[in-house]
Every structure is written in structure tokens, then in C-alpha cells.
Amino acid sequence: MSTESITETEKLDLDIPKFSKDSFGLGKKIYIETYGCQMNFSDSEIISSILKDAGMATTSQIETADVILFNTCSIRENAEQKIRNRLDQIKPQKKRNPGLLVGVLGCMAERLKSKLLEEEKIVDLVAGPDSYRTLPQMFAEAEDGNKSVNVFLSREETYSDINPVRLSSNGVTAYVSIMRGCDNMCSFCVVPYTRGRERSRDLLTILKEIKDLHVDGFKEVTLLGQNVDSYKWENKESGSIVNFPQLLDACAQIHPEMRIRFSTSHPKDITDEVLHIIKKHENICNHIHLPAQSGSTKILEKMTRTYTREWYLERIKSIKNILGDTCGISTDIISGFCSETQEDHEETLSLMREVQFNAAYMFSYSERPGTPAAKKYIDDVSELTKKQRLAEIMALQNEISLARNKKEIGRECLMLVEGTSKKSELHLSGKISENKVVIIPAFQFKKGDYVKVRITDCTAGTLFGEVI
Ligand code: SAH
Ligand code: SF4
Ligand code: F3S
């Protein structure tokens with residue numbers, strides 16, 4: 001999953017709201033800023049829906065908001081630092097308007113709990129990822145001057161009945177959360193502590209959400225979970241168990257023009273059965289995000305990723321055998337994990353050369369308090385070495401992305417138009433199945449259209465096409 005971007009919510013219409021008596025005032029304006037992974041963006045849409053049902057409206061105007069919410073990320077130290085800086089920046093607004101409520105939501109709220117209230121005096125409420133149904137009550141309490149904390153982690157909550165309010169939407173692509181939490185214990189990772197135990201959402205509500213999106217004109221959904229391959233839902237009525245390949249199969253059948261993507265797959269869990277389902281359906285995108293983290297078996301073991309370099313490469317072989325060499329494969333890499341030597345680093349570079357990833361999210365290791373790695377290992381690779389290795393990893397990926405994109409020149413493919421190109425009003429931007437961005441001249445097309453294109457040129461990050 002991509003992390004650490006930011007968006008603002010958009011203005012929503014205030015149609016006749018259901019107002020609950022013990023909640024915060026009718027018509028209050030809520031501003032939400034979202035950080036972190038796609039899961040957090042999806043959560044902000046759930047939060048907006050809960051607040052709308054309680055009579056509030058979200059606004060894109062921070063200056064006139066009654067409540068400012070930060071939906072936060074803890075994945076690396078700098079993600080938390082960003083939030084602390086944002087809290088400092090809004091201090092003058094709080095001074096001018098003491099009635100303004102400030103809430104910290106999401107992973108940082110869960111990690112720091114009430115400590116956050118002590119450390120950041122400006123904060124009025126702290127709400128973890130499983131507590132969002134209680135936000136209206138929390139606002140009411142905070143309005144009465146009682147700072148409020150709810151960081152209870154649930155084993156059941158999947159917000160399955162909530163119909164998310166699509167924020168900053170292009171009207172074409174949407175996220176659909178299929179599970180929450182994570183039961184893996186990758187030693188570097190804070191997510192199991194901030195998101196709790198893994199639980200899968202009711203299949204029928206997932207299918208309903210996708211059908212509704214189709215009716216509303218959406219053309220692509222991305223199924224979200226920290227480890228989608230371990231999706232498992234029991235139909236209480238029939239007693240049958242639905243696994244991820246079955247879920248994918250069912251989603252693909254909703255409509256042939258509704259594209260299905262998913263993220264994230266774990267190398268230990270992705271099966272050939274999943275790959276065959278992708279192959280079976282034209283509308284399941286030919287793209288797999290398969291975080292490798294490292295190319296060294298020794299480091300993977302210390303990371304508790306539970307696979308070896310050989311296992312990872314075998315999975316890649318299966319993907320290429322079943323889905324073909326053009327299948328888009330992207331990854332996540334961490335540089336400078338505890339005890340990583342120059343040889344380990346070179347193994348990561350050689351893995352990247354061998355796989356030829358389309359794209360990669362690349363990070364330098366950031367120790368997170370309370371994680372197994374923080375408890376067991378010394379963060380012994382210097383910041384300078386981490387940065388140098390990261391720079392090498394990034395430079396190599398850039399080379400590989402460019403080489404892979406060059407291979408696309410001349411290919412004919414189907415792109416889904418997502419909107420006008422950021423750089424030119426006269427061009428449209430969209431994606432092909434392999435998750436690569438394509439720019440084409442606008443002509444008579446509009447967002448939501450499927451367009452057959454021939455790739456004519458590229459950079460490392462973008463393809464350029466002509467309509468055929
Ligand atoms: N569930 C997904 C990823 C979640 S976090 C998975 O299993 O792949 C997204 C990415 O952030 C991870 O893949 C990892 O590359 C990176 N990451 C997680 N913890 C980190 C840490 N402590 N320091 C640096 N990068 C980290
Ligand atoms: Fe973190 Fe590992 Fe779970 Fe991904 S699978 S969220 S990296 S613990
Ligand atoms: Fe996502 Fe960051 Fe939490 S990556 S799960 S928002 S720690």
C-alpha cells in the first residue's frame with residue numbers, strides 16, 4: 001500500500017440528517033485530514049458516513065470547521081512527526097476559537113493512547129481505528145470539556161454495514177475494505193498493535209458495496225486489507241467458508257466493466273489458485289503488489305516474514321508462468337534493517353534485478369517502539385548507510401521501471417480514463433490493467449471511459465499512448 005500522502009475531504013451535501021440526541025450538534029462542520037495507507041483513506045470515508053448520519057457535514061475549509069480531525073499513521077517515525085507539526089500549525093486557530101475541537105484518529109491515536117493528550121495539549125479526543133462509531137458521543141463529551149479517549153480494539157468490528165461517503169473521489173475508482181487488522185508479526189511493523197487482530201468483512205456487504213458503486217458509475221474497485229490472501233469469512237447461515245479466491249471470483253462477476261484490484265498480498269500466502277482466478281477474469285487487473293522487504297533470507301528471517309528469498313522468487317515465477325511476463329508486479333523494500341550488511345543489501349539489489357518490478361515503495365528502516373524488532377534487535381545500521389542504500393535501491397528501481405516501460409512501446413492495451421492529466425488540460429490520464437499510468441490526447445473521451453490505446457513513448461513513471 002502507498003503511504004504518507006494527504007488529502008482533504010470534500011464538501012458534502014447536508015441532506016436530511018438523522019440526529020441522535022446524545023451526540024454532537026446538528027450541522028457542525030468537520031474537517032478531516034488523512035495520512036498513511038489506503039486503509040486510512042477508506043476509514044476516513046467510513047468516518048464521514050458515521051458523522052453524516054449523526055447530522056454533521058464534512059468541509060474542505062479548515063478555517064471554518066467546528067472540529068478538526070487528523071486520521072494518522074504510525075508506520076515510520078516521520079509519519080508521526082508530520083502530525084505533531086500539523087498540531088503545532090493549528091494552535092493559533094484554536095487560540096482564536098477555543099470551542100474548536102481537535103481529534104487525533106487512527107494508528108497514532110491507537111499507539112499513543114492517552115499519552116497523546118499529555119504530550120499534545122491541543123488535542124481534545126483520541127480515537128483508535130475500531131472506535132469510530134462512538135465519535136459523535138466523543139465530540140459531545142469533548143464539547144462539555146471532558147477530553148475523551150477510545151482506543152478499544154475490537155475482534156469483530158468491520159464497519160460492514162456502513163456505506164462509505166466517497167471523499168475526493170474521481171467518480172471512477174474506489175476503495176472497498178474487505179478486512180481489518182493483521183495477525184502477522186513482521187518484527188519491524190507497528191500495524192498489528194495499531195489495528196488489532198485480523199478479521200474479515202461479511203462477503204455479502206462487500207458485494208453490495210461494489211454493486212452500489214457500479215450503479216453510481218464507478219468502474220474500478222480496489223479491495224483492501226493488510227493481507228488479503230488470508231481473507232476468510234464464515235457464512236453463519238450455511239456454515240460455508242469463503243476464502244480470498246472465492247471472494248475475488250464473486251467480485252469479478254458483478255459486472256464485466258467493473259475492474260477489480262486488490263492490495264496487499266503477502267508472499268507467504270498468495271496461492272496459485274488466486275493467480276488462476278486473476279487469469280480467468282478479464283476484469284481482475286493483471287497487477288500484484290507483493291512486498292518483498294528484502295532480498296536476503298537472513299534479514300527476512302529477522303523480519304519474521306516467514307519466507308525465504310527462494311520462496312519469494314518461486315512465487316514470482318508462478319505469477320509469470322500463470323499470468324505472463326507482462327503482469328504488473330510492484331513491491332515494498334526496506335533498507336537498513338537491523339544487522340543488514342553490505343552483502344544483504346546487495347542481495348536486495350539482485351532480487352530487484354531478477355524480478356524486474358514495475359514499481360516499488362522504498363523506505364529506510366525506522367524503529368517503532370514496542371515492536372519485536374525494537375525489543376530484540378539493535379537498530380545498528382547508521383542513518384547515513386540507510387540513506388545511501390535507499391538511494392541505490394531507488395536509482396536501480398528507476399532504471400528498471402524505465403526499461404520495463406520501454407518494453408511497452410508498441411503494445412496495444414485498454415486504459416480506464418480517471419480524469420484530466422495534471423500537467424495538461426488537453427490530455428487524459430488513466431491506468432492500464434498492469435497499474436501503469438497512461439497519458440493520451442483528450443479527444444472526445446471522458447473519465448470512466450475504457451479506451452483502446454497503443455503505447456508510443458514513456459518515462460520511468462508514465463506511459464504515453466495514442467488512441468486506436
Ligand atoms: N501489510 C502490508 C504493508 C503494510 S505497511 C504488507 O505486509 O506488506 C507498508 C510498508 O511500510 C511495508 O510493506 C514496509 O515496507 C513499510 N514499513 C513498515 N514498517 C516499517 C518500518 N518500521 N520502517 C520502515 N518501513 C516500514
Ligand atoms: Fe505489518 Fe507484516 Fe502485517 Fe504487513 S503483514 S501489516 S508488514 S505485520
Ligand atoms: Fe496504514 Fe500507517 Fe496505520 S500504513 S495501517 S495508517 S500505521
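Predicted model: local features only at pLDDT ≥ 70, side-chain atom pairs only at ≥ 80, totals over all residues.

Reply: Residues are numbered from 1 along each chain as its sequence is written, chains are lettered from A and ligands numbered from 1 in the order written, and side-chain values use heavy atoms, without hydrogens or water.

The barrel is closed and has five strands, in the order S18-S19-S20-S22-S21, with mixed pairing. On average, neighbouring strands are turned by 50° against each other, direction ignored. Strands are DSSP runs of E with at least two residues, helices are runs of H or I with at least four, and both are numbered from the N terminus. Two strands pair if DSSP finds at least two bridges between them.

Take S22 (residues 463-467) and its two neighbours. On one side is S20 (residues 437-441), running parallel to S22 and joined to it by two bridges. Here Ile439 has Phe464 as its bridge partner. A hairpin of four residues links S21 to S22. Gly465 of S22 faces Ile455. Glu466 of S22 faces Arg454. Helix H15 (residues 383-408) packs on this sheet. H15 touches S21 and S22, and its direction makes about 120° with that of S21. Contact means heavy atoms within 4.5 Å. Axes are lines fitted to C-alpha atoms, for helices over the stretch in contact, and angles run from 0 to 180 degrees between N-to-C directions.

Now the rest of the fold. The protein has 15 helices and 22 strands. Its radius of gyration is 22 Å, close to the 23 Å that the globule rule gives for 468 residues, so the protein is as compact as a globular protein of that length. That radius is taken over C-alpha atoms, and the rule is 2.2 Å times the number of residues to the power 0.38. The C-alpha trace spans about 60 × 55 × 55 Å along its principal axes.

Another sheet is open. Three strands, ordered S8-S11-S14, pair in parallel. S8 (173-177) and S14 (259-263) are its edges, each pairing on one side only. From one strand to the next, the twist averages 25°. Five bridges join S14 to S11 (residues 220-224), in the parallel sense. Within that pairing, Leu224 is opposite Ser263 of S14. Thr264 sits in the loop between S14 and helix H10 (272-280). Helix H1 (residues 38-53) lies across S8, S11 and S14, at about 90° to S8.

Last, the ligand. Ligand 1 has 15 residues around it, and Gln226, Pro291, Gln293, Asp332 and Ser366 come nearest. A residue counts as near with a heavy atom within 4 Å. A side-chain N or O atom of Arg76 is 3.1 Å from a nitrogen atom of ligand 1. Phe188 places a backbone N or O atom 3.1 Å from a ligand 1 nitrogen. Asp332 has a side-chain N or O atom 2.6 Å from a ligand 1 oxygen. Alone, ligand 1 exposes 540 Å², and the protein buries 95% of that. These areas use the Shrake-Rupley method with a 1.4 Å probe.

Terms used. Polar contact = N/O pair within 3.5 Å; in protein donor to acceptor, adjacent residues only side chain to side chain.
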